[in-house]
Amino acid sequence: MYGFGTSAVRSGLPRDATTGALVETISLSTIFAQQHPASPVGSYVYSRSANPNRESFEKAIADLESARYALAFSSGMAATDAVVLGLAAHSHTVSMSSLYGGTHRYLTQVAPLMGVMVSFASNIETELEALINEKTKLVVIESPSNPMVDIQAVADIAHKLGALNPTSARPCYIAKCINSRPNPRGIARPIAVKQHRNEHGGSRLFTLAESLGGVESLCKIPAVMTHKRMPREVREEGGIYIDLIRLSGGIEDVKDLKDDLARALEMAVSG
């Protein structure tokens with residue numbers, strides 16, 4: 001059994017039998033030839049249903065998660081929809097309150113139309129056990145929304161009581177840099193505003209953008225961006241206030257990111 005790093009490099013990447021290439025070529029074909037009607041040359045018929053690259057990716061994810069199978073979707077919301085659609089009518093779901101705005105809208109506006117009821121927890125680790133009942137089939141957590149969520153603790157409770165959980169992503173590593181500065185909450189919004197205006201006081205490495213989890217470092221103000229359409233009282237219950245700024249650390253050099261943040265924080269404090 002290989003270690004995680006080795007598996008991450010080797011899993012799901014077949015060597016090209018013709019050329020010996022170690023990196024799989026990109027399959028651009030939409031359709032695949034058939035020898036006879038309903039008898040394809042290989043295992044593929046139409047890219048929407050199966051594609052060599054997607055199949056390799058799914059195999060790699062399954063290997064890394066120690067699972068038998070994995071399914072890849074074009075977006076996180078597509079995956080969420082597929083999971084919820086698989087629930088029986090009158091099922092119950094427990095979700096953390098601090099969510100991506102699209103996920104919150106889906107769970108509050110779309111899921112109920114399919115007979116799926118949702119309970120929200122401000123602190124999922126401490127409230128989950130009390131919220132799970134005999135109809136609970138799913139537990140929803142998003143670590144991009146809350147990098148400090150204890151995924152293992154939530155999973156242990158969910159599995160112990162018969163529910164499951166779907167999503168996670170790697171946490172940010174820059175909290176110590178922010179918390180070491182004076183009054184970090186008070187200076188968060190000025191940094192983001194200056195970043196938006198491209199002033200010298202803004203961060204040079206954290207780009208103002210709505211997405212999170214890219215290879216580049218990003219920042220955003222959820223209350224006026226991703227969570228803008230969420231009711232204020234619901235948004236604030238999840239800790240998303242108008243002065244909150246979220247940072248997503250990319251794969252740039254850690255020292256460069258910390259130095260950039262320190263400079264931006266100093267500029268914000270000094271005005």
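**A parallel sheet, its core and some exposed residues**

Three strands form an open sheet in the order S4-S3-S5, with parallel pairing, where two strands count as paired if DSSP finds at least two bridges between them, and where helices (H or I, at least four residues) and strands (E, at least two) are DSSP runs numbered from the N terminus. The edge strands, each pairing on one side only, are S4 (117–121) and S5 (136–140). From one strand to the next the twist averages 20°, with axes taken as lines fitted to C-alpha atoms, for helices over the stretch in contact, and angles running from 0 to 180 degrees between N-to-C directions. Strand S3 (residues 92–96) runs parallel to S5 and is joined to it by 4 bridges, and Ser95 stands opposite Val140 in S5.

The model is predicted, so that local features need pLDDT of at least 70 and side-chain atom pairs count only at pLDDT 80 or more, while totals for chains, interfaces and linings use all residues. Residues are numbered from 1 along each chain as its sequence is written, and side-chain values use heavy atoms, with hydrogens and water left out.

The largest nonpolar core has 21 residues, of which Val84, Ile124, Leu128, Ile132, Val139, Ile141 and Val154 touch the most other members; such a core is a set of buried Ala, Val, Leu, Ile, Met, Phe, Trp, Tyr and Cys residues joined through side-chain atoms within 4.5 Å. Two or more residues of this core come from each of S3, helix H4 (101–110), helix H5 (124–131), S5 and helix H6 (151–160). A second, separate core of 6 residues includes Cys219, Leu247, Leu257 and Leu261.

Away from the cores, the backbone deserves a look. Most residues other than glycine have a negative phi. Ser66, however, has a positive phi of about 55° although it is not a glycine, and it lies in the loop between helix H2 (52–64) and helix H3 (76–85). At 64% relative accessibility Ser66 counts as exposed, since buried means under 20% relative accessible area, exposed over 50%, and partly exposed in between (1.4 Å probe, protein chains only). His90, likewise not a glycine, has a positive phi of about 70°; His90 sits in the loop between H3 and S3 and is exposed, with a relative accessible area of 59%.

One further exposed residue is Ile31, with a relative accessible area of 58%, found in the loop between helix H1 (4–10) and strand S1 (34–36).
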